Amino acid sequence: MGPLSDSLLKLGLPLLTPIQARQFTRYREELLSWNKHMNLTAITDPAEVESLHFLDSLTVALAMPDPVPPGYSVCDVGTGAGFPGVPLKIAFPQIRLALVESTAKRTAFLSHLVQALDLADVAIHTGRAEELAHQPGLREVFDLATARAVAEARVLLELTLPFSRVGGCAVLMKKGNIAQEVAEAGSAIAVLGGRLEEVRRVPAEALPGDRALVVVEKAWPTPSRYPRRPGIPAKRPL
Ligand code: SAH
């Protein structure tokens, strides 16, 4: 059993089939190959790609229903080279995935990757979350909206929660001392129609580094003026 499977077991997540294991290998190869020509990741050690990108991404599954129903929809905001969305799609092929990324170079990589891995039901959107979250087919439709390493919680909630349907959620991947970040996000949560559901710690024996998922339930519709224009959420956090 490989280290990735070993850690998945510790997280209580399903083990990988041979097809899924091959998809992760190919993902790593494509990532490191494209990374020579564009800035996709600072992590280039193959074992670290497995733990710090793949496994870390899969921790979001701790906030997903078990089993994950067919057609369960996930929106990954500021996905960069596909994290956490693409690892989730590999591990849970039944989900419908939307990848939101403002940099066209990165979405070119994502289009190539989705083909190379033969993934179905993945939509790639090149643009700012502030604008895409107002589009009828994207606003308030997803079961889960997530993001890793894009902004502080109160900013990130304005960029994620508008994508979630009422009854769905936003799941923020956070590291270190997040108590203060969560406290500062209180008014953003309320204004955007959220309700803090839990701060779920990632077990350190599966992945060290004091990681947690901030799970915010979408309790009411988000007022139509949010998200505000590109750049404003970060400049004037709620
Ligand atoms: N989630 C990935 C990438 C993090 S870097 C990971 O964890 O590895 C942040 C990414 O978000 C960058 O690729 C950047 O282009 C994108 N991004 C930042 N703000 C954005 C916005 N408002 N809308 C869409 N993409 C955004």
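1. The buried residues of α2 (18-34) pack against α1, α3, α4 and α5. Here buried means under 20% relative accessible area, exposed over 50%, and partly exposed in between, with a 1.4 Å probe and protein chains only; contact means heavy atoms within 4.5 Å. Helices (H or I, at least four residues) and strands (E, at least two) are DSSP runs numbered from the N terminus.

2. This is a predicted model, in which local features need pLDDT of at least 70 and side-chain atom pairs count only at pLDDT 80 or more, while totals for chains, interfaces and linings use all residues. Residues are numbered from 1 along each chain as its sequence is written, and side-chain values use heavy atoms, with hydrogens and water left out.

3. In α2, the buried residues are Gln20, Gln23, Phe24, Tyr27, Glu30 and Leu31. They lie on the same side of α2 because they cover an arc of only 130° around the axis, the arc being that of the directions from the helix axis to the C-beta atoms. Pro18 and Arg22, on the other side of α2, are exposed.

4. The length of α2 agrees with expectation: its 17 residues should span 24 Å at 1.5 Å a residue, and its end C-alpha atoms are 24 Å apart. The expected span is 1.5 Å times one less than the number of residues.

5. The axes of α2 and α3 come within 11 Å and cross at roughly 115°. Axes are lines fitted to C-alpha atoms, for helices over the stretch in contact, and angles run from 0 to 180 degrees between N-to-C directions. This crossing of α2 and α3 is right-handed; a crossing is right-handed if the near helix is turned clockwise from the far one by less than a right angle, and left-handed if anticlockwise. From α2, the contact involves Phe24, Tyr27, Arg28, Leu31 and Leu32; from α3, Pro46, Val49, Glu50, His53, Phe54 and Leu58.

6. The axes of α1 and α3 also come within 11 Å, and cross at roughly 35°; the crossing of α1 and α3 is right-handed. Pro3, Leu4, Ser7, Leu8 and Leu11 of α1 meet Glu50, Leu55 and Leu58 of α3.

7. Buried residues of α1 are Leu4, Ser5, Ser7, Leu8 and Leu11. Their arc, seen down the axis of α1, is within 165°, so they line one face of the helix. Their cover includes α2 and α3. Gly12 follows α1 and has a positive phi, near 75°.

8. The largest nonpolar core has 49 residues, and those with the most contacts inside it are Tyr27, Val86, Phe109, Leu144, Val171 and Leu213. A nonpolar core is a set of buried Ala, Val, Leu, Ile, Met, Phe, Trp, Tyr and Cys residues joined through side-chain atoms within 4.5 Å. Beyond its neighbours within four places in sequence, Tyr27 is in contact with residues including Phe54, Val86, Ile90 and Phe109.

9. Thr59 is placed in the loop between α3 and β1 (73-77) and is buried, with a relative accessible area of 1%. Leaving aside neighbours within four places in sequence, Thr59 is in contact with Leu11, Met173, Val202, Leu207 and Leu213. Thr59 and Leu213 are 154 residues apart in sequence and 8.1 Å apart in space, C-alpha to C-alpha.
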